[in-house]
Amino acid sequence: QVQLVESGGGVVQPGGSLTLSCTSSGNVFRLVAMGWYRQAPGKERELVAQITSGGSTNYADSVMGRFTMSRGDTGNTVYLQINSLKPEDTAIYYCNARGYRDYVSPFDDWGQGTQVTVSS
């Protein structure tokens, strides 16, 4: 199993910024992608941003231009820079990693989540 540990959440005023981090550990044969998801109270978990092993990124329409996902030099840490925060960005943000443990065994693992609250 891949262990994912998120950090960086907190309470921020509308218009503010945060940077979330997710550090992964464990044996990975091939990483396909890492992503940030969020789940607001009473809503389903949704994909916010994703970065593939090749470095391509994609974003949900609701965060395009405000959120930026990047990867650290070692490749085992990903970041989510969040700018111009809105109250509707309030949610638990989860890190996800997908890939293969060997030639035939896929994995799809989650972190424990970090709370982001946008409030004045």
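**Strands, hairpins and a nonpolar patch**

In this predicted model, six bridges tie strand β4 (residues 30-39) to strand β5 (residues 46-52), and the two run antiparallel.

Reader: Which residue in β5 stands opposite Gly35?
Author: β4 and β5 are antiparallel and joined by six bridges. Follow that pairing from Gly35 across to β5, and you land on Gln50.

Reader: And in the hairpin of β4 and β5, what phi does Gly42 take?
Author: There are six residues between the strands of this hairpin. Gly42 has a positive phi there, near 80°.

Reader: β5 also pairs with β6, so which residue of β6 stands opposite Ile51?
Author: Three bridges join β5 to β6 (residues 57-59), again running antiparallel. These two strands form a hairpin with four residues between them, and Gly55 in the turn has a positive phi of about 100°.

Reader: What about the open sheet of four strands: which of its strands stand at the edges?
Author: The order is β1-β3-β8-β7, with antiparallel pairing. Two of these strands have a single partner each, so one side of each is left without a neighbour in the sheet. Those edge strands are β1 (3-7) and β7 (67-71).

Reader: Which residue of β8 stands opposite Ser21?
Author: Look at β3 (residues 18-25) and β8 (residues 77-82), which are antiparallel and joined by six bridges. Opposite Ser21, on the β8 side, is Tyr79.

Reader: Is Tyr103 buried or exposed?
Author: Tyr103 sits in the loop between β9 (91-100) and β10 (106-110). Together with Phe29 and Val104, Tyr103 makes a nonpolar surface patch of about 410 Å². The cut-off for exposed is over 50% relative accessible area. Tyr103 has 72%, so it counts as exposed.

Reader: How many helices and strands does the protein chain have?
Author: Reading along the sequence, you get the pattern β-β-β-β-β-β-β-β-β-β-β. The count is therefore zero helices and eleven strands.

Reader: What radius of gyration does the protein chain have?
Author: The C-alpha atoms fill a box of roughly 50 × 25 × 20 Å along the principal axes, and buried residues make up 41% of the 120 residues. A compact globule with 120 residues would come out near 14 Å. The protein chain agrees with that, at 14 Å.

Terms used: Residues numbered from 1 in each chain as written. Predicted model: local features only at pLDDT ≥ 70, side-chain atom pairs only at ≥ 80, totals over all residues. Heavy atoms only, no water. Pairing = 2+ DSSP bridges. Patch = residues over 30% accessible without salt bridge, like charges linked within 9 Å, V, L, I, M, F, W, Y side chains within 5 Å. Areas by Shrake-Rupley, 256 points an atom, 1.4 Å probe, with all protein chains shown as cover. Salt bridge = Lys/Arg side-chain N within 4 Å of Asp/Glu carboxyl O. Buried < 20%, exposed > 50% of the residue type's maximum accessible area, 1.4 Å probe, protein only. Rg over C-alpha atoms; globule rule 2.2 N^0.38 Å.
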